[in-house]
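Here is a short report to read beside the model. Keep the sequence in view as you go.

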Number of protein chains: 2
Amino acid sequence: MSHPSIDLAPVDAGRLRVELQAFARIGYSADGSINRLAFTRPDLRARQVLMHRLRSLGLAPRVDAFGNVFGRLPGARDPELSPVLIGSHLDTVPGGGRFDGSAGVVAALEVAAVLRERGPVLGRAVEIVSFACEESSRFGRATLGSGLVAGTWDPGEVLTLRDARGVTLGQVLARLGLNPDRLADVRRNPGDYTAYLELHIEQGRVLEESGSRLGVVEAIAAPTRLRVDIAGRADHSGATPMPLRRDALAGAAEVILAVERIGRRASGVVATVGVIRAEPNAMNVVPGRVELGIDIRSTDPTRKAEVAAAVQQEIAAIAQARSLQSIPHVLSDEAPVTLDPRVVDVLERAAAARGVPAVRMASGAGHDAMQMARLCPAGMLLVPSRAGISHNREEWTPVPDIAAGTQVLLDAVLHVAEHGVR
Amino acid sequence: MSHPSIDLAPVDAGRLRVELQAFARIGYSADGSINRLAFTRPDLRARQVLMHRLRSLGLAPRVDAFGNVFGRLPGARDPELSPVLIGSHLDTVPGGGRFDGSAGVVAALEVAAVLRERGPVLGRAVEIVSFACEESSRFGRATLGSGLVAGTWDPGEVLTLRDARGVTLGQVLARLGLNPDRLADVRRNPGDYTAYLELHIEQGRVLEESGSRLGVVEAIAAPTRLRVDIAGRADHSGATPMPLRRDALAGAAEVILAVERIGRRASGVVATVGVIRAEPNAMNVVPGRVELGIDIRSTDPTRKAEVAAAVQQEIAAIAQARSLQSIPHVLSDEAPVTLDPRVVDVLERAAAARGVPAVRMASGAGHDAMQMARLCPAGMLLVPSRAGISHNREEWTPVPDIAAGTQVLLDAVLHVAEHGVR
């Protein structure tokens, strides 16, 4: 295996910054956050800007029936070879930041720009993509666009998903002039792409704490999500002596600490109680009911299942000891994804050749690459998130870090476009 | 000291039941709950029905500037002696039950009815009262009517209290044709009443668990209320390894269990976390902020202060150990009230003479008697609440228990009206 070639025009950090700023103006709110909820006007505007950029680079854009935007760099020497796909997404959570998704799309545009300037054609075509509806905020499910491309989701079922206002995704697509009737056509086949490469912000603090500038993702964790309903008895907080209580919140507190303890003890697993709702939630009433939302993630399905089982056992034991009722519901149980080790190697060697301090790591967050890994060899680069903050106006990644990551992405694209995944 | 006389016409349980049912029809909702929020139409209707009943018993009703309704049984032998006051309240929490407050007003009406039938006049006059706005549900403060009578509240400040719609209490009174300008006249002076006696449902399970039919209240607990804001860091639940977290909810869970532990250890104190709110309260985010509402009650002010201090110390220690910030706010810190021991004796002897199994106890809930104790010797009788449930359509007390309590109340009223508090 050779190192990916590095004898090339470097990426232009200034151009990257300008592009990032251009997208950050779309859906920008007075409080500094970005609001491009999937299929809203600002989200469409961002995709229109992308199509404009693709055109100006000579990459005639194509929009599929779900609104995924593609642009192919023409001029591959061998049109028989399947292209290399790079990109990410442009939709955001409500009150989101300017890097989650956008950084990867802008990096892909920069790669295309450098390749255009560079001149000599590559063995394989390079395609840019912005997947639609990566965030779960609107329809309660993440990576919808890439999941349709990869064949994960049933198109008919996807059309029935509803947003908070009760509008179905099918209605949304029809109103936007997209083509719900042709949603099945979005799906691509294995072999259609040589590889999928994505740059994304980390959304965590592993890089910051380790002093690395780049993460090469080996695996993407997937969540097992539980909702637990704990029922005790709502009693007057003044009139009910402590020994007569069946306090659902005190039981829930034990569950929260048990989830933390089990998560800490297990290696390579994180476990979080992110949601709590108590009833009646009044100062003068002992809580009678509590709902907890538990999120367990790992790249190792066995360990994840062990932790989920341990958590459920602990909940049952706590409930029994306190004479509470507990009913756990498994909301989702997704399989972790291992990325292609050959792609990991290519990315790692590209980073080493450029002298970018990189570390192999797992991604705790889910990404479009997780879907694309079902279809073709996939790889991911993570750039540092300041203080690990994301989904927030405070989200920040220095442009030099994005530029370093984009350089490694470019070098890897050149290698794969020339040599394939090896 | 003599036993209160028992050689009298007994109370009429059938009449009690009919009166209870009459009031339960006012503000009755389809779900079985009673909705007579203070100063709403159903609340006014209940007071109008009361005035009608008072008139039919020959007790010309009087309404003060705040809407407290009084009715005096005429014919005292010595008009120089101050009357004995008995009653409770008719307003309810939203979605309340048919006994909280009403049981005490109906018991007072039954006492008046028996006294009217009985004939021979008493040494002192007996006055019936229904205090306005005992529940805190509308204006965020409990026992408003009795507190104005007792001189606890500043009338000018009371007029500025606002309900959830932003309407001031002054506006509410004016709209109802009451007299906000004369609110200061509501206040009575020490010596105006020989005693205040109130029957109320327990709202707890002490009587049920002890097998008693009647509680004689020695002291009324008062709450110290804290709000604690706990701040950690909101991190991505997938992308943030356990050791890098500052989980505000895990810290809050330790606080909840510490409050329970301290409350269990302290004798005569109850401590409750009744309110919890987490931010952002999302499945995929480690909670960055949690707000807790803590309620600590005791009839012993020293022990209550010790528990509040221990809770605050524990919160600080938990926050420090977890690198969280915690800011406790003392929302209220009310003084417990000791009821008059002579009145307690009269009530206890009256119960013994009637063979009603009674137990001395503290009231964990606040009541109008707590205010009236500032003005005159006060006493309270508690009747059992099935399963301790109150502020709820499930609230239930068997009529025979209310009748037994009313009989003891009547006997005590006869004693005090004849002999004063001794």
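## A proline in a loop

B:Pro280 sits in the loop between strand 9 (269-279) and strand 10 (285-286) of chain B. Strands (E, at least two residues) and helices (H or I, at least four) are DSSP runs, numbered from the N terminus. A cis peptide bond leads from B:Glu279 to B:Pro280, with omega near 0°.

Chain A has a cis bond between A:Glu279 and A:Pro280, with omega about 0°. A:Pro280 lies in the loop between strand 9 (269-279) and strand 10 (285-286) of chain A.

## How to read the values

This is a predicted model: local features need pLDDT of at least 70, side-chain atom pairs count only at pLDDT 80 or more, and totals for chains, interfaces and linings use all residues. Residues are numbered from 1 along each chain as its sequence is written, chains are lettered from A and ligands numbered from 1 in the order written, and side-chain values use heavy atoms, without hydrogens and water.

## Positive phi angles

A:Asn281 is in the loop between strand 9 and strand 10 of chain A. Its phi is positive, near 55°, and A:Asn281 is not a glycine. Is A:Asn281 buried or exposed? A:Asn281 counts as buried, at 18% relative accessibility. Buried means under 20% relative accessible area, exposed over 50%, and partly exposed in between (1.4 Å probe, protein chains only).

B:Ala387 is not a glycine either, yet its phi is about 60°. B:Ala387 lies between strand 15 (378-383) and helix 12 (399-419) of chain B, in a loop. B:Ala387 is partly exposed, with a relative accessible area of 25%.

## Helix 10 of chain A

Helix 10 (residues 341-354) has 14 residues. From first C-alpha to last it reaches 20 Å, close to the 20 Å expected at 1.5 Å a residue. That expected span is 1.5 Å times one less than the number of residues. A:Gly355 follows helix 10, and its phi is positive, near 70°.

Which residues of helix 10 are buried? They are A:Val343, A:Val344, A:Val346, A:Leu347, A:Arg349, A:Ala350 and A:Ala351. Their cover includes strand 5 (195-201), strand 14 (358-363) and helix 12 (399-419) of chain A. Contact means heavy atoms within 4.5 Å.

## Chain A as a whole

Chain A has twelve helices and 15 strands. Its radius of gyration is 23 Å, close to the 22 Å that the globule rule gives for 422 residues, so chain A is as compact as a globular protein of that length. The radius is taken over C-alpha atoms, and the rule is 2.2 Å times the number of residues to the power 0.38. Buried residues make up 60% of the 422.
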